[in-house]
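Keep the sequence and the 3D view open as you read.

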Amino acid sequence: MKLAILSRAPRAYSTQRLRTAALDRGHQVRVLNTLRFAIDLSGPEPDLQFRGRPLSDYDAILPRIGSSITYFGTAVVRQFEQMDVYTPNTANGIANARDKLRAAQILSRHQIGMPATTFVRNRADVMPAIERVGGAPVVIKLLEGTQGIGVILAPDIKIAEAIIETLHSTNQNVLIQSFISESRGRDIRALVVGDRVVAAMRRRAKGEEFRSNVHRGGTVEPVELTPEYEQAAVRSAQIMGLRVAGVDMLEGNDGPLVMEVNSSPGLEGIETATKLDVAGAIIDHIAGQVAFPEIDVRQRLTVSTGYGVAELVVHAGADIIGKTIGDSGLEEGDLQVLTLHRGTSVIPNPRRRVVLEAEDRLLCFGRLEEMRSMIPERRRRRAKVRKLPNDPIHTVA
């Protein structure tokens with residue numbers, strides 16, 4: 001395959017390892033500076049230019065997008081997606097992971113264990129927010145910090161309030177998280193590639209430092225993950241829309257607590273600790289998936305008027321509970337069930353004989369009006385477009 005690694009650091013260990021692994025496997029590979037692309041929308045099809053010239057054809061890209069260029073970098077990745085070039089990490093996945101609040105919001109919906117987290121902006125809401133996560137000490141995090149930068153441990157409520165107030169005064173948005181004392185100074189980094197963890201290490205902080213990042217002097221050691229930790233890491237990466245990710249987890253008393261999902265994980269620490277060819281595993285995964293570029297399903301399936309993708313929740317009391325998908329009336333309504341979510345389990349392309357249960361979530365494609373009428377509790381009449389009122393704008397008192 002012909003692979004492009006999008007990176008502004010061609011001499012960095014991770015970039016060099018990925019390039020070397022691709023060359024060793026007989027692939028063509030180039031490292032391209034992300035900022036030298038130009039998105040070309042002037043022609044009949046989406047295109048890209050590099051250094052002022054039309055970009056040659058590539059089978060796949062591997063984005064290594066730094067936090068300082070997230071907006072432009074994801075725009076370039078999105079353009080490759082529109083050109084049907086495979087990427088293990090989509091633009092949406094990268095954007096999701098880069099914003100800690102957005103990541104927490106997404107993961108929280110899918111029963112992923114995380115430290116208790118709150119997000120507030122008004123000064124009056126700070127103290128109640130700290131209490132909701134269990135009181136001091138608390139961890140305060142900038143939304144886009146990396147390598148442990150912007151992560152502060154506040155030992156008591158007054159100090160926490162002062163730190164948050166100071167950060168808010170400089171227009172910084174912060175998360176307030178509970179401090180997991182049993183995992184102080186250590187965490188686990190799992191490197192997810194595709195649907196498995198290919199390597200994992202435990203990081204330990206230096207001295208009294210509570211942040212275990214290697215960039216802050218932490219040490220690393222290989223670790224064998226239990227199925228519970230491996231499943232948490234893989235599900236977190238997949239939920240975020242990433243096929244290559246570093247998932248950081250705390251070792252809580254009740255199991256893994258996901259702290260962060262990194263879309264451009266460094267390879268030096270984990271390869272040094274585990275002695276495993278992580279870069280090679282990433283290249284092998286891309287080579288195996290290159291014929292199946294990631295596509296925006298909603299975008300592709302909503303080009304026909306009246307058709308779209310929607311999630312139906314089977315509420316308690318719905319008349320389709322206890323019926324199979326084949327007998328539920330979905331097919332007669334020109335609806336196709338793409339996936340069935342039941343608790344933490346996902347059944348892709350479920351068969352007609354699968355029996356529906358209360359609280360199942362069905363991702364369906366078909367006529368939107370038909371989907372709205374399938375679940376009695378969700379039935380709504382189509383609202384009529386009313387005439388503009390005589391007083392269209394109310395005067396502010």
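Let's begin with helix α3 (residues 91-98): 7 of its 8 residues are buried, so the rest of the structure largely encloses it. "Buried" here means under 20% relative accessible area, "exposed" means over 50%, and "partly exposed" is in between, using a 1.4 Å probe and protein chains only. Helices (H or I, at least four residues) and strands (E, at least two) are DSSP runs, numbered from the N terminus.

Before going further, some ground rules. This is a predicted model, where local features need pLDDT of at least 70 and side-chain atom pairs count only at pLDDT 80 or more, while totals for chains, interfaces and linings use all residues. Residues are numbered from 1 along each chain as its sequence is written, and side-chain values use heavy atoms, with hydrogens and water left out.

**Around α3**

The buried residues of α3 are Ala91, Gly93, Ile94, Ala95, Asn96, Ala97 and Arg98. Their cover includes α2 (70-82), α4 (100-108) and α7 (227-240), along with β6 (60-63) and β15 (255-262); contact means heavy atoms within 4.5 Å.

Take α4 from that list. Its axis comes within 5 Å of the α3 axis, and the two cross at roughly 105°, which makes α3 roughly perpendicular to α4. Axes are lines fitted to C-alpha atoms, for helices over the stretch in contact, and angles run from 0 to 180 degrees between N-to-C directions. Angles under 35 degrees count as roughly parallel, over 145 as roughly antiparallel, 65 to 115 as roughly perpendicular, and the rest as oblique. On the α3 side, Ala95, Asn96 and Arg98 make the contact, and on the α4 side Lys100, Arg102, Ala103 and Ile106 do. By class, these residues are 3 nonpolar, 1 polar and 3 charged. For the classes, Ala, Val, Leu, Ile, Met, Phe, Trp, Tyr, Cys and Pro count as nonpolar, Asp, Glu, Lys and Arg as charged, and the others, Gly among them, as polar.

**α1 against α9**

How do α1 and α9 cross? Their axes come within 8 Å at roughly 60°, and the two helices are therefore oblique to each other. In α1, Arg17, Leu18, Ala21 and Ala22 meet Ala279, Gly280, Ile282 and Ile283 of α9. This contact has 6 nonpolar residues, 1 polar and 1 charged.

Also in helix α1 is Thr15, which counts as buried at 2% relative accessibility. Leaving aside residues up to four places away in sequence, Thr15 touches Ile5, Ser7, Ala9, Pro10 and Val31.

**Salt bridges**

Side chains of opposite charge can pair when their charged atoms come close. A salt bridge here is a side-chain nitrogen of Lys or Arg within 4 Å of a carboxyl oxygen of Asp or Glu. The whole structure has 17 of them, and here are some:

| Pair | N to O distance |
|---|---|
| Asp277 and Arg17 | 2.6 Å |
| Asp248 and Arg203 | 3.3 Å |
| Arg123 and Glu165 | 3.6 Å |

Asp277 and Arg17 are in salt-bridge contact, and this pair links distant parts of the chain: Asp277 sits in the loop between α8 (268-274) and α9 (278-289), Arg17 in helix α1 (residues 13-24), 260 residues apart. Asp277 is partly exposed, at 37% relative accessibility. Both residues also belong to a network of salt bridges that links Arg17, Arg25, Glu271, Asp277 and Asp284.

Asp248 and Arg203 form a salt bridge too, joining strand β14 (residues 244-252) to strand β12 (residues 196-204) across 45 residues. Are these two buried or exposed? Both Asp248 and Arg203 are buried.

Arg123 pairs with Glu165; Arg123 is in the loop between β7 (117-118) and α5 (126-132) and Glu165 in helix α6 (residues 157-169), so the bridge ties together parts 42 residues apart in sequence. Arg123 is exposed at 56% relative accessible area, whereas Glu165 is partly exposed at 37%.

The peptide bond from Ala136 to Pro137 is cis, with omega near -5°; Pro137 is in the loop between α5 and β8 (138-142). Lys275 is not a glycine, yet has a positive phi of about 60°. Lys275 lies in the loop between α8 and α9 and is exposed, at 68% relative accessible area.

**The whole chain**

Overall, the protein has 11 helices and 19 strands, and 46% of its 397 residues count as buried.
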